[in-house]
Amino acid sequence: MRISKIILVSLVIVLLSAGLALGYKISGSPMQRRAKEPSAEEVRRAKDNLDTTNPFTGDDPLHIIVFGIDKTATNDATAEGNPSRSDVIMLLTIDPVTKKAQLLSLPRDTYVDIEGHKGKTKLGHAYAYAYGGEELAEQTVEDFLDVDIDYYATVDYDSVKRLVDAVGGIEVDIPFDYSYEDTYVVPHLYIDFKKGKQTLNGEDAVRYLRIRKIYENQDIDRIQAQQGFLMQLFQKVKQPIMILKIPELIDIMLDNVETNLTYGQIAYLAKMGLEFDKGDIQTDTLVGENTRIGNIEYYIVDRETAREQLRRFSAGKGSYYDEVQEQKERAQEGSDQTDNDSAQYVDE
């Protein structure tokens with residue numbers, strides 16, 4: 001069984017790039033370490049003096065597709081010998097007018113058509129199918145969501161471990177005890193967490209974000225955990241003291257990120273990203289249902305509903321996934337109350 005990986009997505013790419021760009025301006029050289037945290041005035045001047053290239057076309061939103069690539073070694077094959085599949089797929093939409101962003105998670109099991117593939121299959125297979133890579137995967141998302149994607153980025157999961165260590169760990173509140181092992185992957189995976197608040201280092205963060213089996217709705221609930229973790233990381237990475245980590249952040253980005261954004265475009269988005277607050281970033285997930293077809297589990301998404309999720313963001317509406325979940329919870333509460341009333345009536 002292949003183990004899932006959480007991937008740092010576009011927002012973190014932007015913030016790593018912000019460190020890179022500001023590092024040049026503040027330190028003179030990105031490899032020059034500072035003895036103390038830069039002042040707010042230094043950071044302001046650095047942002048004002050960035051050499052940037054505007055990636056936006058007028059007032060049109062920018063769409064960046066991000067693929068987290070699974071290159072797991074197993075008992076049967078090396079990491080290089082196993083076909084790479086996009087384990088995590090997210091579409092980042094940035095509105096230059098409202099200065100807000102949407103991070104839309106596309107579950108890897110989403111049931112879609114892939115050009116050249118006979119019949120529908122999982123969205124996560126598009127990256128590996130016929131060695132299509134990001135080009136075929138990007139085209140598949142464009143066709144499904146009816147959106148023109150401007151840029152792509154692929155990120156290796158090792159960046160999670162390295163970035164979490166670089167920022168000094170991330171605090172999480174684990175709601176359950178959880179133990180799991182998988183001896184098929186290499187190196188073997190061992191997870192053992194106790195319930196409660198704890199600060200995770202890089203290795204433990206990767207283990208935490210791999211948790212899937214314990215959730216009632218495995219992949220979808222895992223996505224929610226990924227998004228929450230990412231927002232915590234976003235808040236921590238954007239702190240001015242992270243300038244002191246410039247050399248390390250640069251290494252992480254160069255080793256783990258591939259993108260067709262130019263340096264000037266990344267610097268522009270970095271400057272913009274530093275102005276974002278948590279409330280300026282909407283996280284959403286395609287709404288669908290898990291359905292077994294034959295012996296395989298798929299995530300069935302209505303294409304028109306998926307396209308509407310993108311339009312909702314442009315219209316200033318909130319997360320559709322959260323809205324649907326709240327409706328389900330209210331319906332369940334109403335059903336439970338009806339059952340209780342019926343039981344009470346029988347007793348009387």
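Trainee: Quick one to start: is Asp146 buried or exposed?

Mentor: Asp146 is exposed, with a relative accessible area of 60%. Keep in mind that this is a predicted model.

Trainee: Noted. And where does Asp146 lie?

Mentor: Asp146 sits in the loop between α3 and β7, the latter covering 151-156. Its backbone is worth a look too: phi is positive, about 55°, although Asp146 is not a glycine.

Trainee: Which other non-glycine residue has a positive phi?

Mentor: Lys99 is one, with phi near 60°. You'll find Lys99 in the loop between β3 and β4. Lys99 counts as partly exposed, at 44% relative accessibility.

Trainee: Back to Asp146. Which residues form the negative surface patch?

Mentor: Asp146 is part of that patch, together with Asp59, Asp60, Asp113, Glu115, Asp143, Asp148 and Asp150.

Trainee: Where is Asp143 found?

Mentor: Asp143 belongs to helix α3, which spans residues 133-145. With a relative accessible area of 47%, Asp143 is partly exposed.

Trainee: OK, switching to charge pairs. How many salt bridges does a search of the whole structure find?

Mentor: The search turns up 8. As background, side chains of opposite charge can pair when their charged atoms come close.

Trainee: Which residue does Lys100 meet in a salt bridge?

Mentor: Lys100 meets Asp280, at 3.2 Å from N to O. Lys100 is in strand β4 while Asp280 is in the loop between α8 and β14, so this pair ties together parts that are 180 residues apart in sequence.

Trainee: And is Asp280 buried or exposed?

Mentor: Buried, because its relative accessibility is 17% and the cut-off for buried is under 20%.

Trainee: You mentioned β4 and β14. How many bridges join β4 to β14?

Mentor: There are 5 bridges between them, and the two strands run parallel. Strand β4 covers residues 100-105. For a reference point in the viewer, Gln102 stands opposite Gln282 in β14.

Trainee: Why is β14 described as largely enclosed?

Mentor: Because 4 of its 5 residues, in the stretch 281-285, are buried.

Trainee: Which residue forms a salt bridge with Arg312?

Mentor: That's Glu323, with the closest N and O atoms 2.9 Å apart. Glu323 is in helix α10, residues 320-347, and Arg312 is in helix α9, so the pair ties together parts 11 residues apart in sequence. Arg312 is buried at 10% relative accessibility, whereas Glu323 is partly exposed at 30%.

Trainee: New topic: which residues does a cis peptide bond join?

Mentor: Val186 and Pro187, with omega about -5°. Pro187 is in the loop between β10, residues 185-186, and β11, residues 189-193.

Trainee: Last one. How many residues apart in sequence are Asp76 and Tyr184?

Mentor: They are 108 residues apart in sequence, yet 8.4 Å apart in space, C-alpha to C-alpha. Asp76 is found in the loop between β2 and β3, that is, between 73-74 and 85-95. Asp76 counts as exposed, at 62% relative accessibility.

Terms used
Residues numbered from 1 in each chain as written. Predicted model: local features only at pLDDT ≥ 70, side-chain atom pairs only at ≥ 80, totals over all residues. Heavy atoms only, no water. Patch = residues over 30% accessible without salt bridge, like charges linked within 9 Å, V, L, I, M, F, W, Y side chains within 5 Å. Areas by Shrake-Rupley, 256 points an atom, 1.4 Å probe, with all protein chains shown as cover. Salt bridge = Lys/Arg side-chain N within 4 Å of Asp/Glu carboxyl O. Lys, Arg positive; Asp, Glu negative; His and termini not counted. Charge placed at Lys NZ, Arg CZ, Asp CG, Glu CD. Buried < 20%, exposed > 50% of the residue type's maximum accessible area, 1.4 Å probe, protein only. Pairing = 2+ DSSP bridges.
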